[in-house]
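Biologist: Hi, I'm new to this one. Could you walk me through it?
Modeller: Happy to, here it is.

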2 protein chains.
Amino acid sequence: AQASFHSSGLTTTMALKFSEDRFGGITINVDAMSAEAFRDALGPSLEKWANADKRGIWLRIPIEASHLIPVAVDCGFDFHHAKPGYVMLTAWLPRGPSSLPAYPHHQVGVGGLVLDGSGNVLCIQERAGVTAGMKDFWKLPGGLVDGGEDLCDAVVREVLEETGVRTVFECIASIRETHAGPFGCTDLYAICVLRLDETAYGPETDTQRPDPVPQEKEIAATEWRALTGFLASPYYAKGLYGSLLKTAADVALRRHRGEQVGVERTRMKGLTRKQESMYYVGGEPVIRKARL
Amino acid sequence: AQASFHSSGLTTTMALKFSEDRFGGITINVDAMSAEAFRDALGPSLEKWANADKRGIWLRIPIEASHLIPVAVDCGFDFHHAKPGYVMLTAWLPRGPSSLPAYPHHQVGVGGLVLDGSGNVLCIQERAGVTAGMKDFWKLPGGLVDGGEDLCDAVVREVLEETGVRTVFECIASIRETHAGPFGCTDLYAICVLRLDETAYGPETDTQRPDPVPQEKEIAATEWRALTGFLASPYYAKGLYGSLLKTAADVALRRHRGEQVGVERTRMKGLTRKQESMYYVGGEPVIRKARL
């Protein structure tokens, strides 16, 4: 949309491209222009929108136009979020606190618990990071979920990257939630039970397990280690991490005995008609008729 | 840290406050200064750090110093993230792709499934939002997890805010994972089984259930509705949302019959010696000795 209107007796051309949403909001996509032209357009536009009872103003500035950011800040905008290539600023026109949604603030990490046929667990030692300096500290392979990636796929990818071992997702067994994540965010860490990929290694036996190979940059060592010894590590003797791991191991062994325990995953069509992931407890998802 | 050094035969004072990390990174906290002084300090500093094999440079610019952002962009920085009050930019000095961690990109929402003693479910209709225009669309109360909030607390808070009903968290029953979240982020939506708070309403009966009161701004209506009718809604006849809800209702009813199903939550000390949340399946967390 573009518009011309009179302000303070002068004709001003609003050279801003914007769209309106149903929440009374305006989103501006800035083109390259001089700081002066931007100031001349933005100030009167904000005045007009305030008079029209508009509420939240979203202003997306691409990195090529970063010289416009100080102008926006002068006009009352604050930062909302940024990603490589752009920064998003917002202004809230009514009095009182903004009701614009905050940018997402959760990080999701995954660890993979893989057992061989003899009850050994696939472990790694980190080359860098918090645990690299800790003596005899063995942990599960894993890492952060990438953008646009399902967590059940992330854990299989991380185990493959760190150890070369091919696995299949079985279930989520335990999750840690802490608010001491990076950048003041919340960190969710899900331990997932995985099984060795039978299409790569054949049916489960204790002799056909693959030899893990550490990723050169990040992983100092990777081994199959006896589960009981791994869980008896002084690092896991008490506190949340030991309990997370022991609970996940318990779930893996119960599943091995045929119990329907753990948070499994299926895929179904969501509201946008795209396939989305559904994680469920209780052995199976209830699809059509409720078992009530 | 501050330093002086010779560059191109001129003495340049590095007026930048910075700290080093063990990953070969540098974090700069910018003070208010002129764009010219910042350019004179930043360019030679980057050259020096590149020669010293430094890798990731983090540059935090408070909103009061937003006139320095175009200088940083000129020097090769890109946006990493921003929050109200500051923007963080990064530069990666080695050749090749950056290995700096991305900003968290998950949003977590929660829905509360509350049954009364007669098998009715607490429902709402939204006043605004996607579902407001849909005829006879009843949904569970719920909303987004706030920064620094445990998801099990968020669902109890949202149900209270939207309906005035006091509840206690029992378990997570089903989770939807979609990559069609806001700002290109991933959205996790967890349906939690809650019970009526017995300290507020006494032991569970079908006569003592509280009358829900809709929150004025966001909620058009709130009612106890028969669970079977709610789940038989055409909106839930097929697809992921109906299955999410039916699975959660099944879990609630199985728990009512005494089954240990669902993802429960406890709190324990994590690595930082602070209490953190642990979510677990299988009826109880394994704390000290593994049941192996």
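Modeller: Let's start with A:T167, which is buried at a relative accessible area of 7% (buried means under 20% relative accessible area, exposed over 50%, partly exposed in between, with a 1.4 Å probe and protein chains only). This is a predicted model, where local features need pLDDT of at least 70, side-chain atom pairs count only at pLDDT 80 or more, and totals for chains, interfaces and linings use all residues. Residues are numbered from 1 along each chain as its sequence is written, chains are lettered from A and ligands numbered from 1 in the order in which they are written, and side-chain values use heavy atoms, with hydrogens and water left out.

Biologist: Which strand does A:T167 lie in?
Modeller: A:T167 lies in strand β11 of chain A. Strands (E, at least two residues) and helices (H or I, at least four) are DSSP runs, numbered from the N terminus.

Biologist: And what is A:T167 in contact with, leaving aside its neighbours within four places in sequence?
Modeller: Its partners are A:V114, A:V156, A:V159, A:L194, A:R195, A:L196 and A:D197. Contact here is heavy atoms within 4.5 Å.

Biologist: What does strand β11 of chain A pair with over in chain B?
Modeller: Strand β11 (residues 167-178) of chain A is joined to β15(B) by four bridges, and the two run antiparallel. Strands pair if DSSP finds at least two bridges between them. Within that pairing, A:S174 stands opposite B:Y280.

Biologist: Which strand of chain B itself joins β15(B)?
Modeller: That is β14 (residues 264-269) of chain B, antiparallel to β15(B) with six bridges. B:M268 stands opposite B:E276 there. The two strands form a hairpin with five residues between them, and B:R273 in the turn has a positive phi of about 70 degrees.

Biologist: Why is β15 of chain B called largely enclosed?
Modeller: Because five of the six residues of strand β15 (residues 275-280) of chain B are buried, the rest of the structure largely encloses it.

Biologist: What salt bridge does B:E276 form?
Modeller: B:E276 forms one with A:R176, with the closest N and O atoms 3.9 Å apart. A salt bridge is a side-chain nitrogen of Lys or Arg within 4 Å of a carboxyl oxygen of Asp or Glu. Across the interface of chain A and chain B, the rule finds two salt bridges.

Biologist: How much area do chain A and chain B bury between them?
Modeller: About 7,500 Å², 62% of it on carbon and sulfur atoms. Buried area is the accessible area (1.4 Å probe) that two parts lose on being put together, summed over both. A:F79, A:E177 and A:F183 supply 10% of the area that chain A buries against chain B, more than any other three residues. The contact takes 91 residues from chain A and 91 residues from chain B.

Biologist: Is B:D116 buried or exposed?
Modeller: B:D116 is buried, with a relative accessible area of 3%, while B:R209 counts as partly exposed at 30%.
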